[in-house]
Amino acid sequence: MTFPRTGALLILMPLAAAALAFAWPGHGRALARISAAAMTAALAALTREIMAHGVQMHRVGGWGAPLGIELRADGLGVFMLIIAALIGVAVTLYSPSYFASRQPESAPAKHNDSRQNTPSRQAAPPTAKSRDEDGQPHRTRYFWPLFLFLWTALNALFLSADIFNLYVALELLGFGAVTLVALAGGHEALTAAMRYLWVSLAASLFYLLGVALVYGRCATVDLPSLASKAQPGPALWVALALMTGGLAAKAALFPMHFWLPPAHANAPAPVSALLSALVVKGPVYILLRLWFEAFHGLITPAATHALGALGAAAILWGSVRALVQPRLKLLVAYSTVAQLGYVFLLFPLAASPESGLAAWSGGLMFLGAHACAKTAIFLTAGNILHAAGHDRIRDLDGITHALPISAFAFGLAGLSLVGLPPSSGFAGKWMLLSASLAQGQWWWIAVILAGSLLAAAYVLRVLTHAFTRVPNPLTPKPVPPVMEWTALALAVAAVGLGFAAHGAAELLQVGAPNAVASRDNNGPPAKPASAQPQPQTPPEIRRLDSCPESTLPGAARPPHEPSPPDRTAHPGAAQRTPGPKGGHELSEAGVQPRRAAICLARQARRRSAGGWSA
Amino acid sequence: MVGVNAHQVILPGILLSSFLTGVIIFFLKEEKHRLRTWLNLLGAGLKLVLVAALLAGIFQGQHYSLTMDFLPGIPFALGADANSVLFVTLSTVLWFWTTLYAVGYLEDSPHRSRFFGFFSLCVTATTGIALSANLVTFLVFYELLTVSTYPLVVHRGTREAMRGGRMYLAYTLAGGTVLLLAVVWFCHLAGPVGFKERGVIEVLMVSHRGQLQMLFVLFMAGIGVKAAIVPLHGWLPKAMVAPAPVSALLHAVAVVKAGAFGIVRVVYDVYGVENAARLGVLQPLAVAAAVTILYGSTRALFQDELKKRLAFSTVSQVSYIVLGAAIIGPLATLGGLVHLVHQGLMKITLFFGAGNYAETLGVHRVSEMNGVGRRMPLTTAAFSVAALGMIGVPPLAGAITKSYLNQGAAAAGEHWVGLVLTASSLLNAAYFLPILYRAWLLSPPKNWPHPHHFGPWETHWMLLAAPLVTAALVIWAGVFADSSFSPLAWVKLIVAREYGP
Amino acid sequence: MPDAGPEIYLLAGVALFVTGVDSLLAQSHPLRRIMALNVMGSGVFLVFITLAARTPGAVPDPVPHAMVLTGIVVSVCATGLALALADRLPPATGKTRLEHRPDTPNSPPDRRKEEGE
């Protein structure tokens, strides 16, 4: 299977499964499993394909941007898709046991097993109505369609190549996420969902207003063409500020994180995992696309440093708040606020010509590490909640003895959060640290190291309870093994993926934005090409050209231009198999230095490897 | 991408023999006592065999290395150079006996699966530190050691144990963070370099002098926490709440030893001792080591709790190794490196002895030790051999160390070191001889605090075998120091490479 | 396009957006907030439509129209979701207003007291 099909499958399969799961509530689990398996296979094929042939693009129905929808698979997108699949598969495995075995957990901090007798239940019949007419648990019934819908939105987001499509995908993602938060029912969850909804919708509209201004200025919303068309100016600056503000709010960047802890802490465990691991990463992903690809020409160091400073504040504030939370899930939610801060350190570091690629890979590696580790931790928290009926950190003493595998999973995932080697969190931190050193931005080093120690402190707050001696151990409810083992598998992945750091960095180089990959590029990356004929077809021509036969992007090229050997129209794609010289000024200008950088890195690696195996 | 050469399974085999054992044991049911014991001994035995094979291979001129892709541009690299072999042999041999001892010691105590799982991970980390061929790999195992030791320190789960564990982690994680900074910075300056005799910083000596000095301070601060250099030693006496086999492991095989080994690595194989001397960073290190030696010995004098006394003694003794590294010249190096082995052998014997007293008689304090020699003659004999070795009585192992350090210091013109060593020996005698006096010459009390009977021998045979063997090794390392199968002989080889033409 | 020029429509759109933001922050009743969001959305759509006709006399660009149509569909969905949530909220909390408590999700209020509201 090759790209257009794999891409379509990644979007349509979960969408169809979501619709079917809604129509036939009894089959949600089976549908999720089938589509997870199919998507994993498609994603494997897609990864192989872009590693071999570079960036892949496809116009849905032959209609190009701006009117049509373009799908694009590059290193960054596929990296995110892989993370989403990893988490998605884990949640697919974990959720059936979780939902099958529990009563609604409206307010775990308040209610224990004797929930049936609490007055709140009698006082609030509509939400307590946890079963439908047919007797199926309310939450299971809607979980599967919503989960698959969320997965659809994520895949669509990571495959979109224009900023309007990104808006639509982002909005879908928000709908799925808000509804999943509300799924828990009860006062806290509904309040949190409502607050989340306000932030999400308002933020999306800020983003959309930005899109409108961008279109008014550049007459395109296509990411690659924006890179060449966007010139610095007040209109685009305002647009970018609006979009960034909206996305930062959705990504819960400090100080707009206030909605995140209640929303993440009150959702059912698998939902919390999805939210922390994936949903907040969606807007971060769009920010990366905007700042490093579409509008790199507009970005000033002051702006990237401002984002980095907010990230640093998030690391410190989130960690300190995590240290004082009474409940495990709240602690974990604040830890998400802190860990997202690291990803924002990528902005000041990756924008620099010196070792920008290291920071880029490092920040994204960190993002992946956090996704795995945080999912493992939320699933563990779910296990604890299941076994004990509460998640008060103070009273966890007996519990971890009963759940050794969950405790072990928590510990392993904690390693990655703290960034201890050889975890993937360490790999990410290492790359960020070495980029900071190379650029002499030592203040980020201080923040990263301080954040590690704080993370160690809050992870340890929980972990010490695994070792304390209890006079009369509780006899908690047994936890289905699959729930424990899924959490452990993800935690092992979070640690083991440190050894995949190298492979991840290679994947991320495929079509990495020129802004990041080049060593000597200070201005807008595509400037030299503005006077030259572009390999990219201008939108006007494309609109005329678009006919069903031109599904392959190469078909839409002007006749004078030789087709490059790979089937792509995106300039960044030429890096692996560069086309013939003529007519490729744009791609060559951007790509040459990057290829040099990659060569350097490879040589260095060969040298070092040779030195040890000789 | 894995770079493989002949006999390639040996290096990963040495690591996996304990790692896989640990993982399997972790998931064993608590009551599978026999299976767990067999797995433990199997893993330890297999590791011994593999290390023996490694030694044999190296004698035949075989070169061992293994690289794996890890961070972009920096491989995960294992290798076996002379220093590695010294440390890996020490830790493997001692681990075998510590395992045996721990099995006997923890009979019928709760959470043994967890304990032995982390116990094995701890040794994996230690051998990993020994076999690391570059700084990043060293860092990986160094932190793994921190993490896998914590559950052992807090194993008893009491309030005091948790406090000790918190203290341990606070020190070691902070140290690890400093070390991380040092390693990132160093790799940024020097690239993905490996360990090499006489250092790898030759090209940077002129251009980056200031940064190299700064980095040396960071390295020493980061690693010095584990090596318990004053004032970074605070965790070690607090970590004494751990069960005796863990203390033995901490002091003789793993944590403190890993710190000392790390300092040796940085001084000899990253900086190169002569480069370090030219940077002027060795003198302060020597002073820190001397202060630690005197401080530890003095504090040990005033401890009534036996394990605390031994802990402060460790603080003092480990800095002999650091001192040896901080004085330039082959003789001092010889003294320092060989003490890596000697201190391990002696201190593990002392802790085994202390554990036996606590487990068999309930004796925890020096003041309760009257007449233990009559009740437990074999244990006390082993204990006495190790204590006399520590004081530096010839022909035991400690004497070898002290004489080489003395000669080395004199050769380097550092005459003050001789005074420090003499003072330390006097202090050693002052805190060990009263124990021996009480144990052998005073009469035992009518009732021991918590007596416990273990069949025909004076204590459980596993508890007895381990200290007897290690005490025998202490004697062997001293008496046969000049034979070709002694720690000293091997260390001479290392020194020849560091200082050779 | 009228002679007044697109600026006035642009300004009107931005004014609508700002009004919406203001009410969203100032109002706490879910229904008012939903309306505020819709006003914001209308502002954005107005900006879009205006920008479609930025060259006077030329045929307006169809692309923004398509986008606005999509945007309206999204905003209808959003409104529906928000209404559904708002509908569930009073019985669960016994209140029709959302109190503003950023960081403290615990402590459900006494429901019976305000149930009659």
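Leaving aside neighbours within four places in sequence, which residues is B:V183 in contact with? They are A:W430, B:L135, B:V136 and B:F219. Contact here means heavy atoms within 4.5 Å.

This is a predicted model, in which local features need pLDDT of at least 70, side-chain atom pairs count only at pLDDT 80 or more, and totals for chains, interfaces and linings use all residues. Residues are numbered from 1 along each chain as its sequence is written, chains are lettered from A and ligands numbered from 1 in the order in which they are written, and side-chain values use heavy atoms, with hydrogens and water left out.

**Around B:V183**

B:V183 lies in helix α6 (residues 159–190) of chain B. Helices (H or I, at least four residues) and strands (E, at least two) are DSSP runs, numbered from the N terminus. B:V183 counts as buried because its relative accessibility is 1%. Buried means under 20% relative accessible area, exposed over 50%, and partly exposed in between (1.4 Å probe, protein chains only). B:L218 is 35 residues away from B:V183 along the chain, and their C-alpha atoms are separated by 9.1 Å.

**Chains and confidence**

Chain A has 25 helices and two strands. Of its 614 residues, 68% count as buried. Chain B has 20 helices and three strands. Of its 501 residues, 65% count as buried. In chain A, residues 24 or more positions apart account for 80% of the contacts with a separation of 6 or more. In chain B, 80% of the contacts between residues at least 6 apart join residues at least 24 apart.

Confidence is given as pLDDT, the predictor's score for each residue from 0 to 100. Chain A averages 78, and 76% of its residues score at least 70. Chain B averages 88, and 98% of its residues score at least 70. Its lowest mean is 46, in strand β1 (residues 2–3), and its highest is 93, in helix α12 (residues 282–301).

**Strands**

In chain B, strand β2 (residues 65–71) and β3(B) run antiparallel and are joined by six bridges. Two strands pair if DSSP finds at least two bridges between them. B:S65 stands opposite B:G79. The two strands form a hairpin with two residues between them, and B:G73 in the turn has a positive phi of about 85 degrees. Strand β3 (residues 74–79) is largely enclosed by the rest of the structure, because six of its six residues are buried. B:I74, B:F76 and B:L78 point one way, and B:P75, B:A77 and B:G79 the other.

In chain A, strand β1 (residues 56–59) runs antiparallel to strand β2 (residues 70–73), with four bridges between them. A:H58 has A:L71 as its bridge partner. A:Q56 and A:H58 point one way from β1(A), A:M57 and A:R59 the other way, and all are buried.

**Helices of chain B**

The axes of helix α9 (residues 244–253) and helix α10 (residues 255–271) of chain B come within 4 Å and cross at roughly 10 degrees. Axes are lines fitted to C-alpha atoms, for helices over the stretch in contact, and angles run from 0 to 180 degrees between N-to-C directions. The two helices are therefore roughly parallel. Angles under 35 degrees count as roughly parallel, over 145 as roughly antiparallel, 65 to 115 as roughly perpendicular and the rest as oblique.

B:T379 is in helix α16 (residues 377–391) of chain B. B:T379 counts as buried, at 0% relative accessibility. Its side chain makes a polar contact with the side chain of B:N356, at 3.4 Å.

**Backbone geometry**

| Residue | Phi |
|---|---|
| A:A219 | near 55 degrees |
| A:A252 | about 60 degrees |

A:A219 is partly exposed, with a relative accessible area of 22%. A:A252 counts as buried, at 1% relative accessibility. The peptide bond from A:P421 to A:P422 is cis, with omega near 0 degrees. Another cis bond joins B:P394 and B:P395, where omega is about 5 degrees.

How values were computed
A polar contact is a pair of N or O atoms within 3.5 Å; within protein, one must be able to donate a hydrogen and the other to accept it, and residues adjacent in sequence count only if both atoms are side-chain atoms.
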